[in-house]
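Let's take a friendly walk through this model, with the strands and the charged pairs as our topics. Please have a look at it here.

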Amino acid sequence: MKTPYIKALLLLTFGLYLVGCSNTTFNHKYMMRGQVVESSDNRTLICIGAKHGAEVGQKYSVIRFHERIVLSEGEDPYTIEKVGTVQITKIVNDHFATVKLVSGDIAAKDMVELEN
């Protein structure tokens, strides 16, 4: 009697796994995240490329994590600050894209995530 429910649960879990690995709307909305690899006057490079479904023109929020003193167990040791926005200008390869700064002040090691 429990077998059909277990099979359905396994099928659902497997399906969600496949969706997370594909270039679907779900993947773009919830999983398009990367990092600023290089930020200079000549070029800004992020580690999101063709393999991740990146496209020229997409805008990304740039966020920076700040470590803070934790006063009690269970507190988040980091605060998150939005420091800018970038837009993809060129897909370099499967793993990287160049971007232009739309607003803010960004640096290498900042995180990027697709804007809604």
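A residue is called buried under 20% relative accessible area, exposed over 50%, and partly exposed in between (1.4 Å probe, protein chains only).

## About the model

This is a predicted model, in which local features need pLDDT of at least 70, side-chain atom pairs count only at pLDDT 80 or more, and totals for chains, interfaces and linings use all residues. Residues are numbered from 1 along each chain as its sequence is written, and side-chain values use heavy atoms, with hydrogens and water left out.

## The barrel

Strands here are DSSP runs (E, at least two residues), numbered from the N terminus, and two of them pair if DSSP finds at least two bridges between them. Six strands close into an antiparallel barrel, in the order β1-β2-β5-β4-β3-β6.

F65 has I80 in β4 as its bridge partner.

## Salt bridges

A salt bridge here is a side-chain nitrogen of Lys or Arg within 4 Å of a carboxyl oxygen of Asp or Glu; the count comes to five. One of them joins R33 and E113, at 3.1 Å from N to O. R33 lies in β1 (residues 33-39) and E113 in β6 (residues 111-114), so the pair ties together parts that are 80 residues apart in sequence. R33 is exposed at 52% relative accessibility, and E113 is partly exposed at 25%.

E38 and R43 form another salt bridge, their closest N and O atoms being 2.9 Å apart. E38 is partly exposed, at 27%, and R43 is partly exposed too, at 38%.

Terms used
Helices (H or I, at least four residues) and strands (E, at least two) are DSSP runs, numbered from the N terminus.
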